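We will go stop by stop through pockets, an annotated span and some charged pairs.

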Amino acid sequence: MSDDVTFTYNGGKVAPGETQNIRYGISETYLGDPVRIPVTIINGERPGPTVFLSAAAHGDELNGIEVVREVAFEWDLSDLAGTLVCLPVMNVPGFLAQQRYLPIYDRDLNRSFPGKYDSTSAKRMAARIFDNFIAPCDFGLDFHTSTRGRTNMLHVRADMSDAGVERLARAFGSNVIIDSTGSDGVLRTEATRVGIPTITIEMGEAHRFQRELIDDALAGVESVFSEYGLRDTTVVRWPGWQTVINDDNEKTWIRADAGGIVDMHHDRGSLVHEGDRICTITNPFKDDNVTIDAPFTGLLVGVLENPVVYPGNPLCHLVELEEPVRRVVEREQSPHGADARS
């Protein structure tokens, strides 16, 4: 936390008690017109941590946009202790085209951080975002969804070997935390690498707002704000059960071995037991069915939404739960589940 409570970026500053909505230039179009991202900076009158909330690094991932907008414009932040940097749409070109990647050589903005000013267009954009709005922060929450055609239950991805990241991940209060360092160029990886603990929140699917998931994510943001003292009116939440998925757990992407039309028998967040049928792949005549069974007992963190596949396409993401957690989830999902399987 800086002793200077004024937030500064290249081209401006935000004093304590001030809020600014800006459109910040990060690139130019083929016509030389500016590419600007929307940024809201809310600097509280009381000192506290500086936090970023970011979304739409992938342009078709919309749920996080609504989370960031609601915090910035619908929450009463008059008692805010610290500074909030809201980046609801980082990948503006992708958002305008409603596609995942930058429509400039199909590059992934979320593999381009912390950026470089004399490199590719994606890295130049990333550098302007990172240096101005990420680097001044103490920690951050980066919101994502699954890619097109799949959906995720709300969960956190975090490097739990970093004490600051672990505190942040647990404060968010999701049921599932997937422990991973993340790839080079990913925002959470690169921010954490320079001392800004950051987690990724995965929630739902692309191209839509999903109110239940948005509300759940907002509760997680409230919990984080309470943990770090940004607001006095919230409490750190406990989700009822929580598990950290690391290398000690079995986990796998189950992929199709046949092409066809998929009938998915379970939703995201469902517990399936070893041998349970997860889905069935059929041809147009329904005369050559291929069944996909669970290779171990676990939780479906992500499942297919688009019901057509080629061989090799992912069908679901299955992760193992430790025995005590599994029994809690069984009781939660089926009143007689735990008794029946004891």
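From which domains does the lining of the largest pocket draw at least three residues each? Select domain 1 (7-243) and domain 2 (248-333): each gives at least three residues to that lining, with the bounds coming from an automatic or database domain assignment. This is a predicted model, where local features need pLDDT of at least 70 and side-chain atom pairs count only at pLDDT 80 or more, while totals for chains, interfaces and linings use all residues. Residues are numbered from 1 along each chain as its sequence is written, and side-chain values use heavy atoms, with hydrogens and water left out.

**Stop 1: the largest pocket**

Now select Arg100, Arg111, Arg157, Thr200 and Glu202, which lie nearest the centre of this pocket among its 26 lining residues. A pocket here is an open set of points on a 1 Å grid over the protein atoms alone, where a 1.4 Å probe fits, with protein on both sides within 12 Å along at least five of seven lines; lining residues have an atom within 4 Å of a point. Its volume, the space filled by probe spheres set on the points, is about 570 Å³. Colour β8 (150-158) next: this strand (a DSSP run of E, at least two residues) gives the most to the lining, with three residues. By class, the lining has four nonpolar, 12 polar and 10 charged residues; Asp, Glu, Lys and Arg count as charged, Ala, Val, Leu, Ile, Met, Phe, Trp, Tyr, Cys and Pro as nonpolar, and the others, Gly among them, as polar.

**Stop 2: the second largest pocket**

Move to Thr29, Val35, Val92, Pro93 and Leu96, nearest the centre of a pocket lined by 20 residues. About 420 Å³ of space lies in this second largest pocket. Its lining divides into 14 nonpolar, three polar and three charged residues.

**Stop 3: a charged pair**

Show the side chains of Glu70 and Arg211, which meet in a salt bridge at 2.7 Å, N to O (a side-chain nitrogen of Lys or Arg within 4 Å of a carboxyl oxygen of Asp or Glu). The partners sit 141 residues apart, Glu70 in helix α1 (residues 63-74) and Arg211 in helix α6 (residues 211-227); a helix is a DSSP run of H or I, at least four residues. Glu70 is buried at 8% relative accessible area, whereas Arg211 is partly exposed at 39%; buried means under 20%, exposed over 50%, and partly exposed in between (1.4 Å probe, protein chains only). The count comes to 17 salt bridges.
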